[in-house]
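Reader: Please take one part of this model and go through it closely. I want to see how it is built and what packs around it.

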Amino acid sequence: PIPGVGFAMGDVIIELLLDEGGKSPDLPMSPSQVLVTLFNEELYGRTLALAARLRQAGINTEQVLEPIRLGKQIRYADRKGIPYVVILGPDELEAGQVVVKDLKTGEQQAYPESKITDILGSDS
């Protein structure tokens, strides 16, 4: 009686059955080398520009499109096998820097934003 659009949750059941039967496909890890995080909505344009600059430099880059907790964004990158996370927050913006977190080692370091393509291009 109420019109609407939706979808069935059959995909969840199929995933559970595949896992249970040991038939889940072994999907390759993400080809992305970098995940650019989104600190807050005010920095949306700056993070989009940063991600575009990385892509133009030939660095496979994903970006977060909704400002969720930073920890969740980092866990997402880790689960997908993305080796580096780039963080541009208000403090970094003011200092003209970005923070690069290496998810393999857990180390993070601030770099001048103007040098980020050189840094990540040589590491990835």
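Author: Start at one end of the sheet: β4 and β5 pair in the antiparallel sense over five bridges. Strands here are DSSP runs of E with at least two residues, and helices are runs of H or I with at least four, each numbered from the N terminus. Two strands count as paired if DSSP finds at least two bridges between them. In this pair, Val-98 stands opposite Tyr-111 of β5.

The model is predicted: local features need pLDDT of at least 70 and side-chain atom pairs pLDDT 80 or more, while totals for chains, interfaces and linings use all residues. Numbering runs from 1 along each chain as its sequence is written, and side-chain values use heavy atoms, leaving out hydrogens and water.

Tyr-84 has Asp-102 of β4 as its bridge partner. β1 and β3 run parallel, joined by three bridges. Leu-35 faces Val-85 of β3 there.

Look at β3 itself. In a regular strand, side chains alternate between the two faces of the sheet. Tyr-84 and Val-86 point one way, Val-85 and Ile-87 the other, and all are buried. Buried means under 20% relative accessible area, exposed over 50%, and partly exposed in between, with a 1.4 Å probe and protein chains only.

What packs here? The largest nonpolar core has 14 residues, and Val-34, Val-86 and Leu-120 touch the most other members. Two or more residues each come from β1 (34-36), α2 (44-56), β3 (84-87), β4 (97-102) and α5 (116-123). The largest share, three residues, is from α2. Such a core is a set of buried Ala, Val, Leu, Ile, Met, Phe, Trp, Tyr and Cys residues joined through side-chain atoms within 4.5 Å.

Beyond four places in sequence, Val-34 touches residues including Leu-54, Ile-59, Tyr-84, Val-86 and Leu-120. Contact means heavy atoms within 4.5 Å. Apart from this core lies another, of ten residues, among them Val-64, Ala-77, Ile-82 and Ile-87.

Then α3 (residues 70-80). Gln-73, Ile-74 and Ala-77 are buried in this helix. They span an arc of only 95 degrees around the axis, so they sit on the same side of α3. The arc is taken from the directions from the helix axis to the C-beta atoms. Their cover includes β1, β3 and β4. Gly-81 follows α3, with a positive phi near 80 degrees.

Finish past β5. Glu-113 lies in the loop between β5 and α5. Glu-113 is buried, at 10% relative accessible area. Neighbours within four places aside, Glu-113 contacts Arg-46, Leu-50, Arg-53, Leu-88, Gly-96, Gln-97 and Val-98.
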